[in-house]
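This report looks at one helix and its surroundings, and then turns to the pockets of the model.

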Amino acid sequence: ERIHDLMPTLQQLLPPGVELDVIYDRSVLVEATLHTVASNLLEGAALVVIVLLLLLGSVRAGLLVAAVIPLSMLGAVAGMISFHVPGNLMSLGAIDFGLLVDGAVVMIERAFHELQHAGDGLSEGPRSPADAGPSRESKAELRKARVVEAMQSVARPMALSVLIIVLVYIPILSLQGVDGKMFRPMALTVVFALLSSLVLALTYAP
C-alpha cells in the first residue's frame with residue numbers, strides 16, 4: 001500500500017518523456033497468500049476442535065485441549081519474531097494442528113481413565129452437608145494426587161514422542177542456498193509450534 005501511495009510521486013520525479021508502467025504487482029500475490037493462510041488455519045482449527053469435542057466426550061476437556069492450538073501458534077509466532085524467521089504460506093501452512101494437540105490429548109485421556117477406573121467419575125456429583133469440611137478437602141486432594149500421578153506416568157513417553165517428531169525437521173535446517181531459504185522457515189515454524197505444544201501439555205493441560 002505504501003508503494004502504491006508513492007507511485008504518483010515517483011512519476012513526477014522522472015525525466016520528461018519517461019513513464020512508469022507497472023508490469024507485475026506482488027500485492028495480488030501477497031493478498032492471496034494471506035487469505036489462503038488465514039482460511040486454512042481457521043478451517044483446520046475448527047475441524048480439530050469438532051473432532052476433539054466428539055471423541056473426548058466432554059465439552060470442558062475438548063475446549064481445554066483445543067485451547068492448546070492458539071497458544072501453540074502464539075508460541076510459534078513468538079519464536080519466529082525472536083529468531084527473525086519470515087512467515088509465508090509454506091511455513092504457516094505446514095503446521096499440523098493434530099500434532100499440536102497430541103500431547104494434551106494423551107495427558108487428558110490419561111486423567112479421564114484414572115478417575116473413571118478409580119470410580120470417581122468426572123465430577124463429584126451433588127454434595128451433601130456431610131461431605132463438607134475436611135472430608136471433602138481430603139477427597140479433592142486424593143483426586144488431585146491421582147491425576148498428577150497418572151499424568152506423570154505418561155509425561156515422559158509423550159514428551160519423547162513429540163521430540164522425535166521435532167528431530168524429523170532438524171535435517172531441513174542444514175539446507176543451504178535457495179532450498180534453505182524455502183524450507184528452513186517452514187521447519188523452524190513447525191519446531192517452535194511443537195515445542196510450545198509440548199510445554200503446554202506438561203504444564204497447562206495438567
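In this predicted model, the buried residues of H2 are Val37, Ala45, Val48, Leu52 and Leu56. An α-helix has 3.6 residues a turn, so residues three or four places apart point the same way. What covers the buried residues of H2 includes H3, helix H4 (68-82), helix H5 (89-93) and H6. After H2 comes glycine 57, whose phi is positive, near 75°.

| Pocket | Volume | Lining by class |
|---|---|---|
| Largest pocket | About 400 Å³ | 12 nonpolar, one polar, three charged |
| Second largest pocket | About 250 Å³ | six nonpolar, two polar, five charged |

The largest pocket, with about 400 Å³ of space, is lined by 16 residues, of which Arg60, Ala111, Leu115, Arg143 and Val147 are the closest to its centre. Helix H3 (59-66), helix H6 (97-117) and helix H7 (134-169) each supply at least two residues of this lining, and H7 gives the most to it, with five residues.

The second largest pocket, with about 250 Å³ of space, has 13 lining residues, and the closest to its centre are Glu1, Ile3, His4, Asp25 and Ser27. The elements that give two or more residues to the lining of the second largest pocket are helix H1 (2-13) and helix H2 (27-56).

Terms used
Residues are numbered from 1 along each chain as its sequence is written. This is a predicted model: local features need pLDDT of at least 70, side-chain atom pairs count only at pLDDT 80 or more; totals for chains, interfaces and linings use all residues. Side-chain values use heavy atoms; hydrogens and water are left out. On a 1 Å grid over the protein atoms alone, a cavity is a set of points where a 1.4 Å probe fits but cannot get out, and a pocket is an open set with protein on both sides within 12 Å along at least five of seven lines; lining residues have an atom within 4 Å of a point. Grid points are joined across faces, edges and corners, and a volume is the space filled by probe spheres set on the points. Helices (H or I, at least four residues) and strands (E, at least two) are DSSP runs, numbered from the N terminus. Ala, Val, Leu, Ile, Met, Phe, Trp, Tyr, Cys and Pro count as nonpolar, Asp, Glu, Lys and Arg as charged, and the others, Gly among them, as polar. Buried means under 20% relative accessible area, exposed over 50%, partly exposed in between (1.4 Å probe, protein chains only). Contact means heavy atoms within 4.5 Å.
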